[in-house]
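This report describes a helix pair and a surface patch. The sequence and the structure are shown below.

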Amino acid sequence: MKILRALVFALTGWVVSVIAIMGVGLYWPTIFPAIVRNEHYYGQGPKLLTIIGLAIIFGSPAALVGGVIGSRVPKEGGQTEQLIMAGIFGVILALPFACMGLWFFTGW
């Protein structure tokens, strides 16, 4: 039963991280202001969905670990607070990897 609960928390961190990575991936010209001409990056390298998919793959291990770590923080708060913290920690650990992948793409 403990393994199933840990899996639920890990997947919660992963799902919330995937949503955050997709948001960053779709709005990357706003987040990375050094990009002056967006049309330069579209069509030169891989497609945007491929880049977002790679960012999700790079951030997934950290998101899973963050979900498990986040669930361990609020032991007294109950399962709702544990799920919230699992999502928050999943995003905190996964976004640096996702941003690194998107940053790599800006120099393609």
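At what angle do the axes of helix 1 and helix 3 cross, and within what distance do they come?

## Helix 1 and helix 3

In this predicted model, the axes of helix 1 (residues 2-26) and helix 3 cross at roughly 145° and come within 7 Å. The crossing of helix 1 past helix 3 is right-handed.

On the helix 1 side, the residues in contact include F9, W14, V18, I21 and M22. Among those they meet in helix 3 are L48, I52, I56, L64 and V68. Glycines take part as well, with G13 and G25 in helix 1 and G67 in helix 3. By class, the contact of helix 1 with helix 3 has 16 nonpolar residues, 6 polar and no charged.

## Nonpolar surface patch

A nonpolar patch on the surface is formed by V65, I69, I84, I88, I92 and L93, which together have about 490 Å² of accessible area. Helix 3 (48-72) and helix 4 (79-106) each give two or more residues to this patch.

Helix 4 supplies the largest share, 4 residues. I92, one of the patch residues, lies in helix 4.

Technical notes: Residues are numbered from 1 along each chain as its sequence is written. This is a predicted model: local features need pLDDT of at least 70, side-chain atom pairs count only at pLDDT 80 or more; totals for chains, interfaces and linings use all residues. Side-chain values use heavy atoms; hydrogens and water are left out. Patches are made of residues with over 30% relative accessible area and no salt bridge: like charges are joined within 9 Å, nonpolar side chains (Val, Leu, Ile, Met, Phe, Trp, Tyr) within 5 Å. Accessible areas come from the Shrake-Rupley method with a 1.4 Å probe; for residues, only the protein chains shown count as cover. A salt bridge is a side-chain nitrogen of Lys or Arg within 4 Å of a carboxyl oxygen of Asp or Glu. Axes are lines fitted to C-alpha atoms, for helices over the stretch in contact, and angles run from 0 to 180 degrees between N-to-C directions. A crossing is left-handed if the near helix is turned anticlockwise from the far one by less than a right angle, and right-handed if clockwise. Contact means heavy atoms within 4.5 Å. Ala, Val, Leu, Ile, Met, Phe, Trp, Tyr, Cys and Pro count as nonpolar, Asp, Glu, Lys and Arg as charged, and the others, Gly among them, as polar.
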